[in-house]
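Here are some notes to go with the model, as numbered points.

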Amino acid sequence: MKTSIGKIFEGKSTALFVCAGIFLSVLCSVAGTSETDNSNEKPAHCGFHRQTTTKGNRKREIRDYCLTNDHILGIYENTVVTRINHLKNMVRIESGKFVIGTNDPIFVADGEGPKQQIYLDSFYMDETEVSNGDFARFVDATGYRTEAEKFGDSFVFEGLLGENVATDVPLVAAQAPWWVQIENASWHHPEGPDSDIEHRIDHPVVHVSWNDAVAYCEWLGKRLPTEAEWEVACRGGLSDRLYPWGNKFVPNGRYRANTWQGDFPTNNTKEDGYESTSPVTEFPRNKYGLRNMIGNVWEWTFDWWTVDVGNRGGSTNPAGPPHGTNKVKKGGSYLCHESYCFRYRCAARSQNTPDTTAGNLGFRCALSGKR
Ligand SMILES: [Ca+2]
Ligand SMILES: [Ca+2]
C-alpha cells in the first residue's frame, strides 16, 4: 500500500539518508552549508543589560546578562528566551519545569491529557517552520532526494488541484476523501508536476517525511524537537492556554495563525488571508519569538506515538516511547477547521507513519542547549 495519510495506512521501508549520523552530519555541514558557527568567537561586546517591565500588577525583571552575540528577547514566566545569532533564526529556551497536556481534552482518544509537570534541559528551537528556500539549499548541497520523490507520489488536498487533475486521480480514503494521491507531487511540485514553488520560496516545505525532516536537521547539526519541547515552545510561557497567545482564537479581530475559515472541505473563506500555506514569517510571534507553532503546516516531532501518558519517557526530558509505528505531529495546518480538525492547539497531537508525506505536513528543527 502506498504511503498515506494517518494511521489507517501502512508504512514503507525506511530511506537511506544522504547525511546520516553525527559524523556525517558534521561533514555535510562543513561541505554544504553557508551557516557560520561563531560559538568559539569572543563576545562582540561584554556588558550587562537590565530591563524592567511591568505587565498588569506583575513586575518582571530581566536578569543581568553579559551579552555576546546574543540578543535578549525577554523573560516570560521565569523562562529566559534569547536570540542566538550564531545559531541563525533559533531561540534558546532555558531549562526548567513546565506543564504540558490538558485536563480538558477535546480529543480524549488522542491522549491530550492529563496535564503533566515535566523538566526540560535548555534547548534551541527554530523560529519558523523550515521553508522551501531552506530545503532547496539542503538539496543543492547534498543532492538529497525525498521519499515522495523516490516513491513517485504524494498526497494533496483536492481543493488545491486544477479541475482536470482532480477528476482523474483516485481517492485515498473514504474517511478523508479530500486527499488525492498525485503522481510526482513533491516538495518542489506541491500540487504535481505542473506546479512549482517559484512564488512560495518563503513558504514551509511540504511533502517531506519524518525521515526527510531528520536528514535535513542532521545536515545542520540539529535534530527534531521532542513532543514535549515542541509543546513547551508552542505555549510560549503561558499556562494552560489553548493557543500560543491565549484562549481567544482571533483576539481583537486579528488572525494569528493560518487555519481554515468557512465550511470544510468545500468553502474556504480565507479570512486569515491564505487558502493554502503562508510564508513562514507571516503571523505574529509568540512570547518565545516563535511563529506558526499552530496552523500553516503540521510539524513532525521526534517521538513515537502513544496515547498512554505513562509511556512517554517520564517527567525528565521525555522523548516518547522507545518503539512505535507512527510519529507524533503537532500544531494542525491550513486545512484544520474547528468543525473537523480542532487540533490547532498546543496540547493537541496527531500521528503519521515516518514515511508519510502530504501537502500540509512540514517541520522545524531543534538543538540541545547542552553542547
Ligand atoms: Ca487559511
Ligand atoms: Ca505549524
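1. Let us begin with a sulfur pair: Cys217 and Cys365 form a disulfide, with 2.2 Å between their sulfur atoms (a disulfide being a pair of cysteine sulfur atoms within 2.5 Å). The two cysteines come from distant parts of the chain, 148 residues apart: Cys217 sits in helix α5, and Cys365 in the loop between β16 (361-362) and β17 (366-368). Helices (H or I, at least four residues) and strands (E, at least two) are DSSP runs, numbered from the N terminus. The S-S torsion of Cys217 and Cys365 is about -90°, so this disulfide is left-handed. Cys217 is buried at a relative accessible area of 0%, and Cys365 is buried at 0% as well; buried means under 20% relative accessible area, exposed over 50% and partly exposed in between (1.4 Å probe, protein chains only).

2. A word on conventions. This is a predicted model, in which local features need pLDDT of at least 70 and side-chain atom pairs count only at pLDDT 80 or more, while totals for chains, interfaces and linings use all residues. Residues are numbered from 1 along each chain as its sequence is written, chains are lettered from A and ligands numbered from 1 in the order in which they are written, and side-chain values use heavy atoms, with hydrogens and water left out.

3. How many disulfides does a search of the whole structure find? There are three. Another one joins Cys234 to Cys346, S to S 2.2 Å. Cys234 belongs to helix α6 and Cys346 to the loop between β14 (327-330) and β15 (350-352), so this pair ties together parts 112 residues apart in sequence. With a torsion of about -75° about the S-S bond, the Cys234 and Cys346 disulfide is left-handed. Cys234 is buried at 0% relative accessibility, and Cys346 is buried with a relative accessible area of 0%.

4. Cys336 and Cys341 are also joined by a disulfide, S to S 2.5 Å. Both of these cysteines are buried.

5. Next, the nonpolar core, meaning a set of buried Ala, Val, Leu, Ile, Met, Phe, Trp, Tyr and Cys residues joined through side-chain atoms within 4.5 Å. The largest one has 52 residues, and Met125, Phe135, Tyr216 and Phe363 touch the most other members. Elements that each supply at least two residues include β5 (90-93), β8, α2, α6 (227-235) and β13. Helix α5 gives the most, with seven residues. Apart from this core lies another, of 10 residues, with Ala176, Trp260, Tyr334 and Ala358 among them.

6. Leaving aside neighbours within four places in sequence, Met125 is in contact (heavy atoms within 4.5 Å) with residues including Met90, Val91, Trp230, Leu290 and Cys365.

7. Finally, the metal. Which residues coordinate the calcium ion (ligand 2)? They are Glu129 (OE), Asn292 (O), Gly295 (O), Val297 (O) and Glu299 (OE), at 2.4 to 2.6 Å. Glu129 lies in the loop between β8 (123-126) and α2 (132-142), and Asn292 in the loop between β12 (267-268) and β13 (298-304), so the pair ties together parts 163 residues apart in sequence. Glu129 is buried at 0% relative accessibility, and Asn292 is buried at 3%. Donors are N, O and S atoms within 2.8 Å of the metal (3.2 Å for Na, K and Ca); water is not among the atoms, so sites may look incomplete.
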